[in-house]
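Work through the exercises below with the sequence and the model open side by side. Each task is followed by a solution in steps.

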Amino acid sequence: MELYFLSVGYGEAIVLLDAGHCLVIDGGAGAQDCAYEAAGTIRLADFLHQKQVQCIDYILCTHLHNDHIGGLLDVVEQFPIGQFWINLLPEKSAQSAILAAEPECAEDLSLRLFTQGLRAFERLRSVLAARKIPILERTATEAYETLWQGCEIRLFGMTPEQTAKRRDEYNTFCVLKDPKAQRDAMRAFDRVENTCSLACSLKMDGWCAMLTGDLCSGWEERCKADFPSAELLKLTHHGQKDGMPQVLVEACDPSVFLMCADAERTFQSACEAVKTRARAYLEAKERQTQHIYTTGRLEEQFGRQDGIQPCALCCTAGTPITCTAYYARDVKR
């Protein structure tokens with residue numbers, strides 16, 4: 001069983017491989033995004049081909065932001081998919097809202113990223129329908145469900161009632177006739193999209209990982225009872241200052257902290273204050289090794305070999321790098 005956190009710039013893409021089974025959680029930005037011009041990055045679809053994945057059992061899209069959903073389009077076009085899960089499945093098309101937003105996207109980064117996410121979702125939904133791939137709206141679950149033998153998942157996020165309200169809000173801005181009103185409603189919707197993200201706990205043959213998406217609030221209530229511990233905690237919201245809820249850390253009690261962020265630490269991701277708190281936690285627990293990683297900054301932990309950046313957590317100091325063919329642009333695949 002292999003769990004990968006890909007370097008996709010400011011974004012997230014997580015892949016679980018297990019004896020022919022595959023789970024994908026988010027996909028990073030779209031294939032043409034400038035994020036992939038940075039050394040050490042890889043597109044999700046390229047990674048899956050490199051790992052010789054034949055089919056994907058499940059894709060879980062945590063929410064509608066472009067840095068999570070954009071890279072999934074190439075994947076659903078190129079691979080057989082069992083099911084596609086998402087935090088929200090509205091009935092209305094957002095095409096008119098996208099057109100209303102585009103004139104202001106150049107000056108409004110947040111609106112641009114959300115609009116790009118909506119555009120990716122519209123295309124995804126069309127491809128999924130054409131390929132007859134089931135798309136399921138998922139909400140929080142009270143217990144684990146089996147993905148395949150040896151792998152279970154429990155979802156955290158909105159309740160069915162919260163999801164229904166959210167769906168109504170989405171459908172409303174889709175049908176507004178006034179472009180300014182549409183843009184205002186989109187901004188209001190987007191302002192809380194991170195709080196509506198899905199997160200999940202993965203149990204894999206007795207080992208557990210807590211993967212938080214961008215769900216950076218509400219953990220006080222979720223962690224009150226029957227909350228699973230986790231050896232690995234992927235911090236929420238790319239390790240920004242709100243990305244390490246202390247109640248979540250204490251409930252999980254992890255040995256490994258991981259942040260999905262780019263080398264430039266866009267939007268102050270993988271911030272020093274968060275890394276300092278993670279180090280302090282591991283020291284207080286007397287953990288012997290400081291396992292704190294950032295996907296776009298692995299060179300800080302592992303250095304380089306023959307001028308090549310490390311590609312994953314399997315690269316350790318003093319160990320020959322064997323899995324960087326898709327990282328070094330001057331090396332043939």
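Two strands count as paired if DSSP finds at least two bridges between them. The model is predicted.

**Exercise 1. Strand pairing**

Task: Determine in which sense S5 pairs with S4 and with S6, and find which residue stands opposite isoleucine 86.

Solution. 
- Step 1. Begin with S4 and strand S5 (residues 81–86): five bridges join them, in the parallel sense.
- Step 2. Within this pairing, tyrosine 58 has glutamine 83 of S5 as its bridge partner.
- Step 3. Go on to strand S6 (residues 135–137), which pairs with S5 over three bridges, again in the parallel sense.
- Step 4. Opposite isoleucine 86 stands glutamate 137 in S6.

**Exercise 2. The buried side of H7**

Task: List the buried residues of H7 and say where they lie around the helix axis.

Solution. 
- Step 1. Check the helix length: H7 has 13 residues and spans 18 Å from its first C-alpha to its last, close to the 18 Å expected at 1.5 Å a residue.
- Step 2. Pick out the residues under 20% relative accessible area. In H7 these are Gln182, Arg183, Met186, Phe189 and Asp190.
- Step 3. Look down the axis of H7: the buried residues fall within an arc of 125 degrees, so they line one face of the helix.
- Step 4. Identify the cover: the elements over the buried residues of H7 include H4, helix H5 (109–130) and H6.

**Exercise 3. Salt bridges**

Task: Of the 18 salt bridges in the whole structure, examine those formed by arginine 183, by arginine 138 and by arginine 166.

Solution. 
- Step 1. Arginine 183 meets glutamate 104 in a salt bridge, with N to O at 3.0 Å. The pair links distant parts of the chain, 79 residues apart: glutamate 104 lies in helix H4 (residues 95–105) and arginine 183 in helix H7 (residues 179–191).
- Step 2. Glutamate 104 is partly exposed because its relative accessibility is 29%, whereas arginine 183, at 13%, counts as buried.
- Step 3. Arginine 138 forms a salt bridge with glutamate 145, and their closest N and O atoms are 2.8 Å apart. Arginine 138 is buried at 14% relative accessibility, while glutamate 145 is partly exposed at 24%.
- Step 4. Arginine 166 pairs with glutamate 193, the closest N and O atoms being 2.6 Å apart. Arginine 166 belongs to helix H6 (residues 160–175) and glutamate 193 to the loop between H7 and strand S9 (199–204), 27 residues apart. Both glutamate 193 and arginine 166 are buried.

**Exercise 4. Positive phi**

Task: Locate glutamine 52 and aspartate 205, and decide whether each is buried or exposed.

Solution. 
- Step 1. Start from the general rule: most residues other than glycine have a negative phi.
- Step 2. Glutamine 52 has a positive phi, near 60 degrees. Its place is the loop between helix H1 (44–50) and strand S4 (56–61). With 63% relative accessibility, glutamine 52 counts as exposed.
- Step 3. Aspartate 205 also has a positive phi, of about 50 degrees. Aspartate 205 sits in the loop between S9 and strand S10 (207–211). At a relative accessible area of 64%, aspartate 205 is exposed.

Methods
Residues are numbered from 1 along each chain as its sequence is written. This is a predicted model: local features need pLDDT of at least 70, side-chain atom pairs count only at pLDDT 80 or more; totals for chains, interfaces and linings use all residues. Side-chain values use heavy atoms; hydrogens and water are left out. A salt bridge is a side-chain nitrogen of Lys or Arg within 4 Å of a carboxyl oxygen of Asp or Glu. Helices (H or I, at least four residues) and strands (E, at least two) are DSSP runs, numbered from the N terminus. Buried means under 20% relative accessible area, exposed over 50%, partly exposed in between (1.4 Å probe, protein chains only). The expected span of a helix is 1.5 Å times one less than its number of residues. The arc is that of the directions from the helix axis to the C-beta atoms. Contact means heavy atoms within 4.5 Å.
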